Amino acid sequence: MGKLGVILVAAGKGSRMGTAESKQYLQLGQKPILVHTLQLFQNIHEVNEIILVVGGNDVERCTGYVQSYALSKVTHVLAGGAERQDSVRRGLEALEQDTAWVLVHDGVRPFVKKEHVFDCLSKAKEQDAAVLAVPVKDTIKVVDSEKRIQSTPDRRSLWAIQTPQAFRLSLLQEAHQRALQEGFLGTDDAMLVERIGTTVHVVEGDYYNIKITTPEDLPWAEWILQNVRGEEQQ
Ligand SMILES: Nc1ccn([C@@H]2O[C@H](COP(=O)(O)OP(=O)(O)OP(=O)(O)O)[C@@H](O)[C@H]2O)c(=O)n1
Ligand SMILES: C[C@](O)(CO)[C@H](O)COP(=O)(O)O
């Protein structure tokens, strides 16, 4: 069967949030956003190990979270890299030898539904690679640097991709190695797997699995916590 590892990436600067404190440490309800996300995966029985990847200056703080919130599945708190892809790669290097499956998740997505995590993992176990996503609701257009509309893709084929992204570990390791060797930088892990020829499958999640990114997301996150997900589900 092989073990399941989670790489939780939280080494970003949160520049689009515009706060002095990196967004993953902003309070959401009674605790930092990152702690909500950590507790969610801590409380998934099937998760054997969590690798937490944070900013170099935050390793000590986050090691403190591991102790104070009894996050027993966190085996490593590592410094991330300049890009999200670098942070994921560093996480991959730390996973236990007998890990067969990996979930890569954004530390600033505290509201993923456990049921959807299981759905994504199940699909990956069938197909080697799967990502959570939702159909886009707006019309999306391709726009040039002069803000002139170039094309309008058929909305029926467009999905907004989320995390977790689930993979057979050996596949993701190969994809990251190839991307590093070839100097390819992607915005998600699925891109790296797609480019080496593996079909990645989409699993439908929900619109509450937001990536907390800009100030407008904060009141929305508080509402979701109070009205949808609740602290007890973390
Ligand atoms: N070098 C990086 C960049 C991002 N991330 C993480 O990847 C997730 C998604 O990235 P994003 O939302 O873009 O976070 P930031 O890069 O911090 O945001 P911004 O682009 O606004 O600076 C976040 O949990 C972020 O902490 C990371 O671990 N290492
Ligand atoms: C991985 C991701 O969350 C999928 O939508 C997204 O690509 C992360 O992008 P970011 O710019 O690093 O937030």
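This is a predicted model: local features need pLDDT of at least 70, side-chain atom pairs count only at pLDDT 80 or more; totals for chains, interfaces and linings use all residues.
I noted the conventions: residues are numbered from 1 along each chain as its sequence is written, and chains are lettered from A and ligands numbered from 1 in the order in which they are written. Local features need pLDDT of at least 70, side-chain atom pairs count only at pLDDT 80 or more, totals for chains, interfaces and linings use all residues, and side-chain values use heavy atoms, with hydrogens and water left out.

**Ligand 2.** I then looked up polar contacts (pairs of N or O atoms within 3.5 Å). A polar side-chain atom of Asp106 lies 2.6 Å from an oxygen atom of ligand 2. For Arg109 the corresponding distance to an oxygen atom of the ligand is 3.0 Å, and for an N or O atom in the side chain of Arg16 it is 3.2 Å. Taken alone, ligand 2 exposes 360 Å², of which the protein buries 73%. Accessible areas come from the Shrake-Rupley method with a 1.4 Å probe.

**Ligand 1.** I found 19 residues surrounding ligand 1, the closest being Val9, Gly14, Ser15, Arg16 and Lys23. The side chain of Arg16 places a polar atom 2.7 Å from an oxygen atom of ligand 1. From the backbone, a polar atom of Gly12 is 2.9 Å from an oxygen atom of the ligand, and an N or O atom of Arg84 lies 3.3 Å from a nitrogen atom of ligand 1. On its own ligand 1 has 560 Å² of accessible area, and the protein covers 88% of it.

**Helix H2.** Helices are DSSP runs (H or I) of at least four residues, and strands (E) of at least two. Which residues of H2 (residues 59-68) are buried, that is, under 20% relative accessible area? I found Cys62, Tyr65 and Val66. Seen down the axis of H2, these fall within an arc of 100 degrees, so they line one face of the helix. The face turned away carries Glu60, Gln67 and Ser68, which are exposed (over 50%).

**Leu103 and Val202.** I located Leu103 in strand E6 (residues 99-106); Leu103 is buried, with a relative accessible area of 0%. Val202 lies in strand E11 (residues 201-204) and, at 37%, counts as partly exposed, the class between those two cut-offs. I also recorded that Trp159, Ile161 and Val202 make a nonpolar surface patch of about 230 Å².

Note on methods. Patches are made of residues with over 30% relative accessible area and no salt bridge: like charges are joined within 9 Å, nonpolar side chains (Val, Leu, Ile, Met, Phe, Trp, Tyr) within 5 Å. A salt bridge is a side-chain nitrogen of Lys or Arg within 4 Å of a carboxyl oxygen of Asp or Glu. Buried means under 20% relative accessible area, exposed over 50%, partly exposed in between (1.4 Å probe, protein chains only). A polar contact is a pair of N or O atoms within 3.5 Å; within protein, one must be able to donate a hydrogen and the other to accept it, and residues adjacent in sequence count only if both atoms are side-chain atoms. The arc is that of the directions from the helix axis to the C-beta atoms. A residue is near a molecule or strand if one of its heavy atoms lies within 4 Å of it.
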